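Please open the model in a viewer and keep the selection panel at hand.

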Amino acid sequence: MVKAIVGVNWGDEGKGKITDTLAADSDVVVRFQGGSNAGHTIKNEYGKFSLHMLPSGVFYPDVTCVLGNGVALNIPKLIEEIKNITDQGVPAPHLLVSDRAQLVMPYHILLDGYEEERLGGRSFGSTKSGIAPCYSAKYAKIGFQANELFMPEQELRDRIENVCTIKNALIKNLYHKPELDPDDLYDTMMEYKEMIKPYIANTVKFLHEAIDAGKNILLEGQLGSMKDIDLGIYPMVTSSNTIAGGAAAGAGIPPYEIKDVLAISKAYSSAVGAGAFVSEIFGDEADELRARGGDGGEYGATTGRPRRVGWYDCVASRYGCKVQGATEVALTVLDPLGYLDEIPIVTAYDVDGEIFHDFPNTTYLYRARPVIEKLPGWKSDITGIRSWDELPEACRNYVDEIERRIECPITYVSNGPAREDIIVRKPKI
Ligand code: GDP
Ligand code: MG
């Protein structure tokens, strides 16, 4: 059975934690998009980890982890990450990397930085991991798939030469930076080849065989619906499809094999980078939620920068669930909200006096103001509670109300960062 675990919102909803928890009963965990700009935080018996390239199944020796063809593959970062976890006592992961994964090249990272610098105050807030230049090159058909590292020398040199001609025009004339040297690039790629050799595989074949054998497969998404290149808050999005539908292409499996889409939604909102964020709060109110949120505060797992925070947005989340095709929802990070007398939620948008219940496109989104309702708080610490019935009534009502408004069954509630901090709930709707 194939289950996708994907984000409803702006990312950082706790996908890593939920994937790590559910991977216990899985055979395969696949990343199907994005790259080392991800930050999936996991707390388990080995310690606390922030995974960037590796799938969140790496802590189980019996799980095969796959980086699918849809991934932006940063080879040095991947190798560094494997070393980091094994240095901390985690057994060497069983990892397969798609021979069709797109390589993040050193100049993609440089170009990402140059472009942010050029944009100055109008920047996207990129993590500068080279993701946008990598995917742009993929679609312009001047990228490199991992298998190309193994092509005959002259063919590869010719490909590199062509790319350098194009990129150097930009680097020289637009960014005024040092030009790329094709020979240096070839040498770097030969280093990449040696690093990735042990892991390269035909992952499409592997996954099709795993499906045929009835294995349990998790597809782990990066970021969330709001950052989807097509359906998110364009242009302040990531450069790939973060929706479960994208997993079929990014893992190379039939769409009808994805039987379950577990969408992860955080019990309040957070976002990194620029872009419309209707439910955002500011000042002391935001500082308090940021300090109490997540595990030790809402700060980026990749960049360490403070995350923007806001109240739960039912408009964005209902849309987020719809475009994910969510069959069930895990509502995470509920525990930090216990300090509030009343908990605001966003129930609609007001755009120039017109009330929207459906999430609008970006042109309207920039002018949207939140319509807020307040629910009673539970004023207590819910960490350590393991059953739905033991949660305070106001807390259950908060979950019920969100479920009703997002129109998708909430099957799990997460009340802490560790594996065991999970409550299985029978949905009401
Ligand atoms: P991801 O990118 O979706 O995997 O999420 P991140 O790991 O970037 O961000 C989620 C943050 O919330 C991390 O610091 C997690 O350790 C933490 N976290 C996850 N679930 C819970 C929860 O239920 N309660 C609390 N307090 N923290 C959580
Ligand atoms: Mg994250």
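This is a predicted model: local features need pLDDT of at least 70, side-chain atom pairs count only at pLDDT 80 or more; totals for chains, interfaces and linings use all residues.

Residues are numbered from 1 along each chain as its sequence is written, chains are lettered from A and ligands numbered from 1 in the order in which they are written, and side-chain values use heavy atoms, with hydrogens and water left out.

**The metal site.** Select ligand 2, the magnesium ion, which is coordinated by Asp12 (OD) and Gly39 (O) at 2.0 to 2.1 Å. Donors are N, O and S atoms within 2.8 Å of the metal (3.2 Å for Na, K and Ca); water is not among the atoms, so the site may look incomplete. The pair links distant parts of the chain, 27 residues apart: Asp12 is in the loop between strand 1 (2–7) and helix 1 (15–22), and Gly39 in the loop between strand 2 (28–31) and strand 3 (40–44). Helices (H or I, at least four residues) and strands (E, at least two) are DSSP runs, numbered from the N terminus. Gly39 has a relative accessible area of 14% and is buried; buried means under 20%, exposed over 50% and partly exposed in between, with a 1.4 Å probe and protein chains only.

Next, display the open sheet of 10 strands, whose order is 9-7-5-2-10-1-11-15-19-20 with mixed pairing. Strand 9 (200–201) and strand 20 (422–424) are the edge strands, each pairing on one side only. Two strands pair if DSSP finds at least two bridges between them. Strand 5 (residues 64–67) and strand 7 (residues 94–98) run parallel over four bridges, and Thr64 stands opposite His94.

**Helix 7.** Select residues 203–212, where Thr203, Leu207, Ala210 and Ile211 are buried. Seen down the helix axis, these buried residues fall within an arc of 100°, so they line one face of helix 7; the arc is that of the directions from the axis to the C-beta atoms. Gly214 follows helix 7, with a positive phi near 75°.

**Aromatic rings.** Finally, select Tyr46, Phe49 and Phe59, which ring pairs link into a cluster. Rings of Phe, Tyr and Trp (its six-membered ring) pair if their centres lie within 6.5 Å; planes under 30 degrees apart count as stacked, over 60 as edge-to-face and the rest as tilted. Asn44, in strand 3, is in contact (heavy atoms within 4.5 Å) with residues including Phe49 and Phe59.

Technical notes: Lists of a residue's contacts leave out its neighbours within four places in sequence.
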